[in-house]
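Biologist: I would like to go through a structure feature by feature. Please give the general idea where there is one, then the case at hand.

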Amino acid sequence: MMKKKSYRRPIFWVISILLLLLIIMVILIFVNLPKPLHVSDSSYNLTTLADGTYQGECDNGLVYVKVNVEVKNHSIIAVHIIEHDNGKGQSAEVITNNIVDNQSIELDVISGATASSQTILKAVENALSK
């Protein structure tokens, strides 16, 4: 009489390997997520900043931004994005106008470009808090 071959062992190993690959993929995805950024006007004081151009940068893991912030008469008169390495966050660059209009970095982010918006705001904060 012939013995039946057991297919349970190979299937077990295939499923185990696929599960392990899935776990590795999930870990890699979470490691590469942007780091949360928190910005606050309290980290700088416009009334003590001299007129001039201040440079700041921020890298959150997926987005890198370098900005020049122009200050005159204790007001932010312009924010220039020097470098913006992003995915689809180009639309976030309009937030620079909001910074000037509100004289603040405590703003709502641009919908669809959250990571880029937060990174731009943090770069401005870094420039003004040096």
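Modeller: We will take helix packing, then an aromatic pair, backbone angles and a contact across the sequence. Keep in mind that this is a predicted model.

Biologist: How is the packing of two helices described?

Modeller: Two packed helices are described by the angle between their axes and by how far apart those axes are. Here, helix α2 (residues 95-102) packs on helix α3 (residues 114-128) at an angle of about 45°, and the axes are 10 Å apart. That makes α2 oblique to α3. The crossing of α2 past α3 is right-handed.

Biologist: Which residues in α2 and α3 meet?

Modeller: From α2, I95, T96 and I99 are in contact with S117, I120, L121 and V124 of α3. Sorted by class, the contact of α2 with α3 has five nonpolar residues, two polar ones and no charged ones.

Biologist: How many aromatic pairs does a search of the whole structure find?

Modeller: The search finds one. The pair is formed by F12 and W13, with 5.3 Å from centre to centre and 75° between the planes. Planes over 60 degrees apart count as edge-to-face, and the pair of F12 and W13 is edge-to-face.

Biologist: How do F12 and W13 count in terms of accessibility?

Modeller: The cut-off for exposed is over 50% relative accessible area. F12 has 49% relative accessibility, so F12 counts as partly exposed. W13 has 52%, and therefore counts as exposed.

Biologist: Now the backbone. What is the phi of N73, and where does N73 lie?

Modeller: N73 is not a glycine, yet its phi is positive, at about 50°. N73 sits in the loop between β2 (64-72) and β3 (75-85). With a relative accessible area of 58%, N73 is exposed.

Biologist: And what is the phi of Q103?

Modeller: Phi of Q103 is near 55°, again a positive value in a residue other than glycine. Q103 belongs to the loop between α2 and α3. Its relative accessible area is 27%, so Q103 is partly exposed.

Biologist: Last, S40. Where does S40 lie, and which residues does S40 touch?

Modeller: S40 is in the loop between α1 (8-31) and β1 (52-59). Leaving out residues up to four places away in sequence, S40 touches I105, E106 and E125. S40 and I105 are 65 residues apart in sequence, while their C-alpha atoms are 6.7 Å apart in space. S40 has a relative accessible area of 22% and is partly exposed.

How values were computed:
Residues numbered from 1 in each chain as written. Predicted model: local features only at pLDDT ≥ 70, side-chain atom pairs only at ≥ 80, totals over all residues. Heavy atoms only, no water. Axes fitted to C-alpha atoms, helices over the stretch in contact; angles between N-to-C directions. Helix = DSSP H or I, 4+ residues; strand = E, 2+ residues; numbered from the N terminus. Parallel < 35°, antiparallel > 145°, perpendicular 65-115°, else oblique. Left-handed = near helix turned anticlockwise from the far one by under 90°. Contact = heavy atoms within 4.5 Å. Nonpolar A, V, L, I, M, F, W, Y, C, P; charged D, E, K, R; others polar. Phe/Tyr/Trp six-rings, centres within 6.5 Å; stacked < 30°, edge-to-face > 60°. Buried < 20%, exposed > 50% of the residue type's maximum accessible area, 1.4 Å probe, protein only.
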